[in-house]
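The following explanation leads through the sheet and the aromatic contacts of the structure shown here.

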Amino acid sequence: MVWNSKKPIRSIPSVSIQTDDEFNQPTLAVQWEWNYQPRKEMWSLTERNGFLRLHAFVPVKQNDKKDKRSLLFRAGNTLTQRSMRTMQNEATIRVEIGGMTDGQTAGLCHFAGTYSTFGIKQINGVRNLVYDNNGSEQYGPRIITNAIWLKSTWGLDGMSQYAYSLDGITFTPFGDPYQLSWGNYRGDRIGIFNYNQLTESGYIDVDWFHYKY
């Protein structure tokens with residue numbers, strides 16, 4: 001495998017793979033893919049201008065004890081793009097959580113053969129930070145702000161470290177590092193997830209997704 005090489009055709013201006021999205025256009029940018037066919041009535045770029053609104057719904061086969069897949073792999077409307085393998089990678093989202101309801105979990109995720117999620121979970125009206133590394137959950141502080149910034153950073157070794165911020169300036173690392181993995185024919189994907197284990201209610205508003213590599 002050749003990880004980098006000289007471009008065969010020089011372009012002016014320089015062209016690179018798209019990653020960022022401000023969610024201020026009527027359609028999603030070309031780099032995005034849905035994990036599973038999306039329910040079109042459960043997401044919108046027009047309900048609130050400048051934001052991606054994701055409505056939460058119950059994952060499929062949630063109570064099937066024979067199906068060992070995690071809730072993330074059962075959840076619909078997870079919006080993803082490919083993770084890069086470069087020296088420095090940093091993916092950050094700003095998300096407003098005032099519309100969340102009980103049973104809802106939402107945030108940033110990595111997945112392939114394995115998975116990790118990092119975000120907010122609401123139980124009995126209380127929202128807490130939560131990190132899930134392949135089924136091992138770690139709860140963090142209660143979040144009382146309406147907005148939160150979530151970030152994942154990794155390098156050539158594929159070790160992702162999550163962090164969060166309540167002001168968009170100072171980030172606090174949380175949880176053990178997560179090893180990005182391969183799955184079937186593809187490598188790791190990074191995405192925005194949102195589901196509700198109790199009912200089809202609640203939503204998040206994603207302000208933007210910034211990915212520097």
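Phe118 has Tyr131 of β8 as its bridge partner. Strand β7 (residues 115–123) and strand β8 (residues 126–133) run antiparallel and are joined by eight bridges; strands are DSSP runs of E with at least two residues, helices runs of H or I with at least four, both numbered from the N terminus. The model is predicted, so local features need pLDDT of at least 70 and side-chain atom pairs 80 or more, whereas totals for chains, interfaces and linings use all residues. Residues are numbered from 1 along each chain as its sequence is written, and side-chain values use heavy atoms, without hydrogens and water.

These two strands belong to an open sheet of seven strands, ordered β1-β4-β13-β6-β7-β8-β9 with antiparallel pairing, where a pair requires at least two DSSP bridges. Because β1 (33–35) and β9 (136–142) each have a single partner strand, they stand at the edges, and one side of each is left without a neighbour in the sheet.

Phe118 and Tyr131 also form one aromatic cluster with Tyr162 and Phe174. Rings of Phe, Tyr and Trp (its six-membered ring) pair if their centres lie within 6.5 Å; planes under 30 degrees apart are stacked, over 60 edge-to-face, and the rest tilted. The count by this rule is eleven aromatic pairs. Phe73 and Phe111 are edge-to-face, because their planes stand at 85°, with ring centres 6.0 Å apart. This pair links helix α1 (residues 71–74), which holds Phe73, to strand β6 (residues 104–111), which holds Phe111, 38 residues apart.
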